[in-house]
Amino acid sequence: MAGHSKWANIKHRKGKADAKKGKIFSRIAKEIISAVKLGGPDFKSNPRLRLALQKARAANMPNENIERNIKKASSADQADYHEMTYELYGHGGVGIVVDVMTDNKNRISSEMRIATNKRGGTIASPGAVTFNFDRKGVIQIAKKNAIEEELFLAASEAGAEDFEATDEMYIITTDPAHLYTVKDAINHLGFACEEAELEMIPKSYVECDTETAKENLALIDWLEELEDVDAVYHNMKIPDELQSEEA
């Protein structure tokens with residue numbers, strides 16, 4: 001697996017979007033309901049549900065909340081959640097990809113229009129932005145929680161595509177279909193994963209001056225605050241003077 005350095009400039013800013021515990025719980029609840037509807041309530045045979053439950057426990061979601069959402073998913077009155085992707089052109093030609101899970105397509109469509117009206121950018125046609133991104137499984141493990149040689153070997157044997165050691169983390173990249181397999185192999189060693197997500201990784205990047213970068217970050221902040229938005233990705237190379245703010 002060849003090393004890479006894709007993370008310093010383009011890692012999406014999940015921290016600010018997930019600052020409120022209530023919002024974290026809301027998103028995890030939607031993931032649990034969607035997973036049960038798609039694959040059933042047995043986490044042993046439903047890897048998507050298994051991952052959602054792991055997120056719930058990592059966020060300290062009470063067990064009664066988890067059980068309630070599993071039951072809700074089986075109710076005929078429970079609305080279906082739709083996974084959608086919006087593609088935007090930001091300032092200076094930056095590409096922005098927004099992953100959404102919603103039970104109201106009209107609401108999120110209106111909110112996306114408001115976002116671009118308030119913070120600039122335009123909504124692009126399907127495929128216009130995502131062609132420049134690859135969807136990959138990304139697993140992050142704190143260096144203090146793993147032994148590098150054992151982690152590398154287990155990830156490689158389980159089908160990982162890439163392995164990188166940053167200052168504090170090991171970052172493993174997989175084909176989307178292999179994310180759960182690789183994560184299970186790592187967990188089997190007793191190494192705790194900080195994150196295991198499907199993410200959009202840019203193939204190329206756009207350089208921006210400081211003011212343009214700030215305009216894009218303001219748009220990204222707005223998008224991340226929307227209740228139905230799960231993740232925002234971009235291919236902007238953030239100027240050095242803003243790097244400390246993004247860390």
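At what angle do the axes of helix α6 (residues 105–119) and helix α9 (residues 210–224) cross?

1. This is a predicted model, in which local features need pLDDT of at least 70, side-chain atom pairs count only at pLDDT 80 or more, and totals for chains, interfaces and linings use all residues. Residues are numbered from 1 along each chain as its sequence is written, and side-chain values use heavy atoms, with hydrogens and water left out.

2. The axes of α6 and α9 cross at roughly 150° and come within 10 Å, where axes are lines fitted to C-alpha atoms, for helices over the stretch in contact, and angles run from 0 to 180 degrees between N-to-C directions. The two helices are therefore roughly antiparallel to each other (a term for angles over 145 degrees). Helices here are DSSP runs of H or I with at least four residues, and strands are runs of E with at least two, numbered from the N terminus.

3. On the α6 side, Met 112, Ile 114, Ala 115, Lys 118 and Arg 119 meet Glu 215, Ala 218, Leu 219, Trp 222 and Leu 223 of α9 (contact means heavy atoms within 4.5 Å).

4. Strands β3-β1-β2-β9, in that order, form an open sheet of four strands with antiparallel pairing (two strands pair if DSSP finds at least two bridges between them). The edges are β3 (122–123) and β9 (229–234), each pairing on one side only.

5. Strand β1 (residues 82–89) pairs with β3 over two bridges in the antiparallel sense, and Tyr 89 stands opposite Thr 122 in β3. Helix α6 lies across β1, β2 (95–102), β3 and β9, and runs at about 20° to β1.

How values were computed: Angles under 35 degrees count as roughly parallel, over 145 as roughly antiparallel, 65 to 115 as roughly perpendicular and the rest as oblique.
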